Amino acid sequence: MKKKTIGRISLVLGLSISILAGCQQTGDSEKQPTKQEEQSASHQEGANRPQTATTTPPSSPSSPQDQAQEKVSLGKVTAVRIADFQSGWIGGDGWIAKTDDGGNRWKVQYQPKGIVKQLFALNNRQAWAVVAKSAETQSALSLIRTEDEGQNWSVVGEMPNQDFLHFVSGQEAFSGRWSTTNGGKTWTKLPVPPGTVGEPYFHDRAVGWAVTKGQDAFQVRRTTDGGKSWSVVMSKKTVSPVNGVLIRSAGPQDAWIECIGDTGMTQTSYSLFHTADGGKSWQTVIAKSTAGAGPAPGFPMDYKNGPDIGGSSPGPLYVINSKEAFMGAQCMACDKPNTIGWTLDGGKTLGKGTIPLEGYGEELLAFADAKHGWWFVTDHEKPSLMYATSDGGKHWNLVHTFDPPKKQ
């Protein structure tokens, strides 16, 4: 791999305040059970320098099968998980890499046979990755883990689905309606209400959230007994059907629920709702209606001026705690499709970045706290780019330029 010189650019993002409406991925407040992700980390900007990535030879039987020490091309980034502002993991097609200097340098630790779809870290030592045999694979998902900062990775077992994976301890984890108590070796299906749309989310073995849909309406339901019974905690009439759901949670009483509506003309309407009291009260964080896809779910046909962060379709959602969350948006008809927004007060007001970024692939977000975070923009033909902020998204520095993605 040729050495690359990374240019640093500073992007200035302005903060605009507006009322939020929201809905996010399954689980506790972006299902961030890790205390490390809520801790503040000091930001040390890395100097521009040529960067290379090399594999680490296997050091034990639990390492990947006899991988030769060779340079590995770090192409399109497909997954990210932060441990603190200086360290974390990323994955791609046939590789997992770790940084300990804020993303300036990446060291390849493992070469799985497939594409890394998800990464989750409890701390800087314990992390897991979900690997698919191909980009289109809906089954045959393997789960691998490390318990020594990535020096050794081992296969744990098979994943039951591609839903959001989050561990609450070294042995207990949840992925949609499935749970494990032995580190992912085996999985048990949890009960969900009839008519569930999208991914349900279990914060722990007792508390879970799900969205169900009926005729011209949808309901948010909550369980406190592991799915045996479900209570309706929000019900909304809707013109646009709910076609997908993303839920995250930062605690037993907390839920960020993103409801995805129709799609048309490269536009997707969506709504994001937040509760911090177990569903007794709700804040609309985002209500994005579009000309091509119609009104946001839960709102009437003529509803046009709901809070949003720009773009014309939803991007990633990253929940830090019950008040702080970051979310991306995309506009595939724009020259620079990627924008970012945030809330620091549970969705009552919404901050919005002012400078969009290039990249027609998936956006990826990871935050150590409300000040320090990473923003990855990807493309199908151009290199993935990593940006970092130490002031809550007001300014971003280009930290790393990756290799061009593999040609299909």
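1. Of the contacts in the chain between residues at least 6 apart in sequence, 54% join residues at least 24 apart, where a contact means heavy atoms within 4.5 Å. This is a predicted model, in which local features need pLDDT of at least 70 and side-chain atom pairs count only at pLDDT 80 or more, while totals for chains, interfaces and linings use all residues. Residues are numbered from 1 along each chain as its sequence is written, and side-chain values use heavy atoms, with hydrogens and water left out.

2. The secondary structure of the chain comes to 0 helices and 29 strands; helices (H or I, at least four residues) and strands (E, at least two) are DSSP runs, numbered from the N terminus. Buried residues make up 59% of the 408 residues in the chain, with buried meaning under 20% relative accessible area, exposed over 50%, and partly exposed in between (1.4 Å probe, protein chains only). The accessible surface of the chain comes to about 16,400 Å², and 50% of that surface belongs to carbon and sulfur atoms; the areas come from the Shrake-Rupley method with a 1.4 Å probe, and for residues only the protein chains shown count as cover.

3. The largest nonpolar core holds 35 residues, and the members that touch the most other members are Ile90, Trp106, Trp374 and Phe376. Such a core is a set of buried Ala, Val, Leu, Ile, Met, Phe, Trp, Tyr and Cys residues joined through side-chain atoms within 4.5 Å. Among the elements that give two or more residues to this core are strand 2 (79-84), strand 4 (95-99), strand 24 (338-343) and strand 29 (395-401). A second, separate core of 19 residues includes Val220, Ile247, Ile257 and Phe273. As general background, nonpolar side chains in soluble globular proteins tend to be buried together.

4. What does Ile90 touch, not counting residues up to four places away in sequence? Its partners are Val77, Ala79, Val80, Trp95, Ile96, Ala97, Trp106, Leu119, Phe376 and Phe402. Two of these names, Trp106 and Phe376, also stand in the group of core residues that touch the most other members.

5. Strand 2 is largely enclosed by the rest of the structure, because 5 of its 6 residues are buried. Strand 2 pairs with strand 3 (residues 87-92) in the antiparallel sense over 5 bridges, two strands being counted as paired if DSSP finds at least two bridges between them. Within this pairing Arg81 stands opposite Trp89 in strand 3, and the two strands form a hairpin with 2 residues between them.

6. Gly75 lies in the loop between strand 1 (10-12) and strand 2, and at 8% relative accessibility Gly75 counts as buried. Leaving aside residues up to four places away in sequence, Gly75 touches Trp95, Ser384, Phe402, Asp403, Pro404 and Pro405. The C-alpha atoms of Gly75 and Lys382 are separated by 9.3 Å, although these residues are 307 residues apart along the chain. A further pair across the sequence involves Tyr110, which belongs to strand 5 (residues 107-110) and is buried at 6% relative accessibility. Tyr110 and Asn152 are 42 residues apart in sequence and 8.0 Å apart in space, C-alpha to C-alpha.

7. Strand 11 (residues 173-175) and strand 12 (residues 178-180) run antiparallel and are joined by 3 bridges; Phe174 has Ser179 in strand 12 as its bridge partner.

8. An open sheet of 4 strands also occurs in the order 18-19-20-21, with antiparallel pairing. Its edge strands are strand 18 (244-248) and strand 21 (283-288), each of which pairs on one side only, and the twist averages 15° from one strand to the next. Strand 20 (residues 267-275) pairs with strand 21 in the antiparallel sense over 5 bridges, and His274 stands opposite Gln283 in strand 21.

9. A search of the whole structure finds 1 disulfide, defined as a pair of cysteine sulfur atoms within 2.5 Å. This disulfide joins Cys331 to Cys334, with an S to S distance of 2.1 Å, and with 70° about the S-S bond the link is right-handed. Cys331 is buried, with a relative accessible area of 14%, whereas Cys334 counts as partly exposed at 30%.

Key
Axes fitted to C-alpha atoms, helices over the stretch in contact; angles between N-to-C directions.
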